[in-house]
Amino acid sequence: MNNSNVNPGGSSFRYSSFVYCSIMGTISPIIVVGNVFTIVIFSTRKSGSNRAHILLISLAVADILVGAISVPLFIYLMGSQQKWWGSKGSRIINLIYGANDILAGFASIFCLVCIALERLYAIKWPMKHRLTTKRAYYYCLALIWFTSGLIAALRFVVKFLTLAYIIVISFGLSFLLIFTAYITLWYSVKNRKVDSAKRQRETKTDRKLAKTLILVTLVFVLTWVPFQVVLAVFYYFCLPSCYPLSLTAFYATKILHYANSMANPTLYVFRIKVFRDSIIDNLKCKRCKTETHIENPTLHPAAQSNLTLEYDTKL
C-alpha cells in the first residue's frame, strides 16, 4: 500500500522496469473506465434503488483513485528512478502518491467491512434493515472516507515504521470483522427456514449476493496480501544478496495489487444480473441508434435527436 522511495537497482532493471511500466500503463485506463461504468450502472436505472449498491459505488470511487492517481504516479516515480525523465519534485510526488495509496486502500477495505456488516444486518434483521434510510448509508460513507483520510494524513506527520504498525493493525481488525460477518451470514442463510415461494426467492437472491460479495472480498485479499508480505520482507528482512529477487517480487506483487481495482467490474458482469443487463441494454441501444442513422441518412440532425430521445424514453 504505502511505499518509501524504492531504488530500482542498476541498469539490469531498465528493461524490467519498462515492462512493469507498460503493464501498469495498460491497466490504469481499464481501472478508470471499468469503475466509472460501475458507478453509472449502480447509480441509475433499477440498481439505483438498491441501498447496498451505495457502498459498491464508494468502492468503485476508491478504485478510480488508484487508476487515475496512484498508478500514474507510481509510473512517474519508477521512471524518475531510472532517469527516463527528470526527478524534480519527486519527493513531494512520492508523499502525495503514498497518501493517496493509503486513502484508496483503506477506503476499499473499510467499504468491504461495511458491505459485509450491511449484508449481515439485512439477513439477520430484515425488518429493521428495510426501515433503514439512505441517510444512514451516507453517514457510513462519511465515516469511511473521514477515517481513511485521517490515516492517510499520518503519512505526512509520523515515521514510516509507526504508520506501518497502524496499517497492519487496522487491516488485521478489518479482515477479522469481514471474516466473522460472512461466516455468520453464511450460517444464517444456510439455516433460514423457507416457508413460502417469496421467501424461497429472497433466500436464493441473498445467497447469490452473499457469494458475489465474498468473491469480491476474497479477490481483494488474494491480490493485496502478497504485496503487503513482500513489502514487509523487503524493508525489514531483505539482505543485499537478495536485492534483485526482492525487487522483482516487489514490482510483480504491486501489479497484482493494482489489478484488484479492475477485478470488481469483471466480477459484477458475471455475478450481478442488473449489471450484466445494463451492459446488454447499452449495446442494444447503440446498435439501434446506428440502425436508425443508416435507415434515415438524410434526416435532419434535430429530428434524429428526437428519435433517439423517444427510443430512450421507451426504454
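**Chatting through an all-helix pattern**

Trainee: Hi! What pattern does the protein chain follow along the sequence?

Mentor: Reading along the sequence, the protein chain goes α-α-α-α-α-α-α-α-α-α-α. Keep in mind that this is a predicted model.

Trainee: And how many helices and strands does the protein chain have?

Mentor: There are 11 helices and 0 strands in the protein chain.

Trainee: What share of the residues counts as buried?

Mentor: The protein chain has 315 residues, and 40% of them count as buried. As for contacts between residues at least 6 apart in sequence, 79% join residues at least 24 apart.

Trainee: Okay, on to the inside. Which residues touch the most other members of the largest nonpolar core?

Mentor: Those are Phe-42, Phe-106 and Tyr-268, in a core of 41 residues. At least two residues of this core come from each of helix 1, helix 2, helix 3 (90–124), helix 5, helix 6 (160–190), helix 7 (197–236) and helix 9 (263–271).

Trainee: Which helix gives the most to this core?

Mentor: Helix 3 does, with 12 residues.

Trainee: Let me zoom in on Tyr-268. What does Tyr-268 touch?

Mentor: Not counting residues up to four places away in sequence, Tyr-268 touches Thr-38, Phe-42, Leu-56, Leu-59, Val-216 and Phe-275. There is also a second, separate core of 23 residues, and Leu-65, Val-66, Leu-73 and Leu-77 are among the residues it includes.

Trainee: New topic: helix packing. At what angle do helix 2 and helix 5 pack?

Mentor: Helix 2 (residues 52–81) and helix 5 (residues 134–153) pack at about 25°, and their axes are 9 Å apart. Angles under 35 degrees count as roughly parallel, so helix 2 is roughly parallel to helix 5.

Trainee: Is the crossing of helix 2 and helix 5 left-handed or right-handed?

Mentor: Helix 2 passes helix 5 in a right-handed crossing.

Trainee: Which residues meet there, in helix 2 and helix 5?

Mentor: From helix 2 you have Ala-52, Ile-54, Leu-55, Ser-58, Val-61, Ala-62 and Leu-65, and these meet Lys-134, Tyr-137, Tyr-138, Cys-140, Leu-141, Ile-144 and Trp-145 in helix 5. The residues of this contact divide into 12 nonpolar, 1 polar and 1 charged.

Trainee: Ala-52 is on that list. Does it count as buried or exposed?

Mentor: Ala-52, which lies in helix 2, has 11% relative accessibility, so Ala-52 counts as buried. Leaving out residues up to four places away in sequence, Ala-52 touches Glu-118, Arg-119 and Tyr-137.

Trainee: How far apart are the C-alpha atoms of Ala-52 and Ile-115?

Mentor: They are separated by 7.3 Å, although Ala-52 and Ile-115 are 63 residues apart along the chain.

Trainee: Now for Ile-39. Where does Ile-39 lie?

Mentor: Ile-39 lies in helix 1 (residues 14–43). Its relative accessibility is 22%, so Ile-39 counts as partly exposed.

Trainee: What is Ile-39 in contact with?

Mentor: Setting aside neighbours within four places in sequence, Ile-39 is in contact with Ile-57, Ala-60, Val-61 and Ile-64.

How values were computed
Residues numbered from 1 in each chain as written. Predicted model: local features only at pLDDT ≥ 70, side-chain atom pairs only at ≥ 80, totals over all residues. Heavy atoms only, no water. Axes fitted to C-alpha atoms, helices over the stretch in contact; angles between N-to-C directions. Helix = DSSP H or I, 4+ residues; strand = E, 2+ residues; numbered from the N terminus. Parallel < 35°, antiparallel > 145°, perpendicular 65-115°, else oblique. Left-handed = near helix turned anticlockwise from the far one by under 90°. Contact = heavy atoms within 4.5 Å. Nonpolar A, V, L, I, M, F, W, Y, C, P; charged D, E, K, R; others polar. Buried < 20%, exposed > 50% of the residue type's maximum accessible area, 1.4 Å probe, protein only. Core = buried A, V, L, I, M, F, W, Y, C linked by side-chain atoms within 4.5 Å.
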